[in-house]
Amino acid sequence: MKNWWFIRGLRKGVMTEKYPKEIAEWSTEIQGEGTVNCPTNAIKDGKWIKERCIFCRRCYPNYRPNLNPRIYTINKTQPLFKRSFYLYPIDSGTCGGCNMELKLISSPEYDMTRFSIFFTNTPRHADALVVMGVMTEKMKEVLKKAYEAMPEPKVVILLGACAISGGIIGEGVPLEAVVEIPGCPPNPFTILEALMKVKGK
């Protein structure tokens, strides 16, 4: 039963997950050995490059996920945002996968608000800019204006392989990222934990 957490919440008054018991394996760290034909060069000299991986599974069975979802990179924490952390999502050219996974962290199962993480509808009120998708030509000016409108300190979060490296069809986002969350798409737990780590928790 997929919604057992909800039934348990009604019975015991606990509405959210402490730690997900089931995580999509093909959004976790990949290990293995051998030569494979990777379309994004995410496996080079036997090493997995998480920022490039689109989890297409062409490397299977030589390479397999090891169920470690902590594949994010945090370059700097911002304890200033411990009390509240406002995110402004911007789609620079996605397939919609990253958008859906980001939206899920606001669902009752994950409930980002219990960690004082919120969405805002304007970059002027945002602590972090969450960029998803490849960098398309018409979005370059939009992204620049959104970044300039943000107050200091500015946190840039690149969500998904497309934003980080360009994935298979384009180029990555030309902003210096404080946080990189690889995946195609990343799972909600990885996103939520990375956001918590940025806050210094």
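Which residues of helix α2 (residues 97-104) are buried? Select α2 to find out: Cys98, Glu101 and Leu102 are buried, that is, under 20% relative accessible area, where exposed means over 50% and partly exposed in between (1.4 Å probe, protein chains only). Helices (H or I, at least four residues) and strands (E, at least two) are DSSP runs, numbered from the N terminus.

The model is predicted: local features need pLDDT of at least 70 and side-chain atom pairs count only at pLDDT 80 or more, while totals for chains, interfaces and linings use all residues. Residues are numbered from 1 along each chain as its sequence is written, and side-chain values use heavy atoms, with hydrogens and water left out.

**Helix α2.** Look down the axis of α2: its buried residues fall within an arc of 100°, so they line one face of the helix. The arc is that of the directions from the helix axis to the C-beta atoms. Met100 and Lys103, on the other side of α2, are exposed. Next, display what covers the buried residues of α2, which includes β6 (85-93), β7 (117-119), β8 (128-133), β9 (155-159) and α5 (188-198).

**The nonpolar cores.** A nonpolar core is a set of buried Ala, Val, Leu, Ile, Met, Phe, Trp, Tyr and Cys residues joined through side-chain atoms within 4.5 Å. Select Phe85, Leu87, Ile117, Ile157, Leu159, Ile181 and Leu195, which touch the most other members of the largest core, a set of 26 residues. At least two residues of this core come from each of β6, α2, β8, β9, β10 (179-181) and α5. The largest share, six residues, is supplied by α5. A second, separate core has 15 residues, among them Ile90, Val131, Ala146 and Met150.

**Tyrosine 147.** Move to helix α3 (residues 140-149), where tyrosine 147 has its place. Tyrosine 147 is partly exposed, with a relative accessible area of 29%. Leaving aside neighbours within four places in sequence, tyrosine 147 is in contact (heavy atoms within 4.5 Å) with Leu129, Lys154, Val156 and Leu175.

**Last stop.** Select Cys38, Ala42, Cys53, Cys56 and Cys59, the closest to the centre of the largest cavity among the 16 residues that line it. On a 1 Å grid over the protein atoms alone, a cavity is a set of points where a 1.4 Å probe fits but cannot get out, and lining residues have an atom within 4 Å of a point.

Conventions:
On a 1 Å grid over the protein atoms alone, a cavity is a set of points where a 1.4 Å probe fits but cannot get out, and a pocket is an open set with protein on both sides within 12 Å along at least five of seven lines; lining residues have an atom within 4 Å of a point.
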